[in-house]
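Please open the model in a viewer and keep the selection tool at hand. The stops below are meant to be followed in order.

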Amino acid sequence: MAKSRPKAKAKSRARPTAAADTRQPVERLIEALYSLVGERGWRDLPLRDVAEKAAVPLAEAIRIAPTKIAIVALDLGQQADAVGERAAPDGKLPTRDRVFDAAMDIFDTLGPWRENMAPTIRALAHEPLALLELHPAIR
């Protein structure tokens, strides 16, 4: 009679629930968007899936950002604010150097989503009307 081996317990990879996630819904939506864009691409990604992955009710997600490009706009706005807060006016540096430092800071701020921004930018090249949503005068 052969001895049966005990079954190994499956490791749980459960995501934290919305109650356990202390980040703001906007942060969760941004992270979910870039994560899903990296997995599935931009075009076939509905806002519903982004909201679900972010553990944000769809109605709230639509209130915060009614489109995927609106989530990108929120992210870019947050990044610009963060870079602006860190940029200290230094009269000793030439303007060119200060602009370069700010550009590098923005690039660093993209952090883990740098790779997933490329498919987003490529997809937006084919959606010129969506790009208008990024313009501050339109919002």
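This is a predicted model: local features need pLDDT of at least 70, side-chain atom pairs count only at pLDDT 80 or more; totals for chains, interfaces and linings use all residues.

Residues are numbered from 1 along each chain as its sequence is written, and side-chain values use heavy atoms, with hydrogens and water left out.

Select helix α4, residues 68–86; helices here are DSSP runs (H or I, at least four residues), numbered from the N terminus. Its 19 residues reach 27 Å from first C-alpha to last, close to the 27 Å expected at 1.5 Å a residue, where the expected span is 1.5 Å times one less than the number of residues. Among its buried residues are I69, I71, V72 and D75 (buried: under 20% relative accessible area; exposed: over 50%; partly exposed: in between; 1.4 Å probe, protein chains only).

Next, select L29, L33, W42, V50 and I71, the residues with the most contacts inside the largest nonpolar core, which has 24 residues. Such a core joins buried Ala, Val, Leu, Ile, Met, Phe, Trp, Tyr and Cys residues through side-chain atoms within 4.5 Å. Helices α1 (25–40), α2 (47–54), α4 and α6 (114–124) each supply at least two of its residues, and α1 gives the most, with 7.

Finally, move to helix α5 (residues 95–110), where M104 lies. M104 counts as partly exposed because its relative accessibility is 36%. A102, also placed in helix α5, is partly exposed at 25%.
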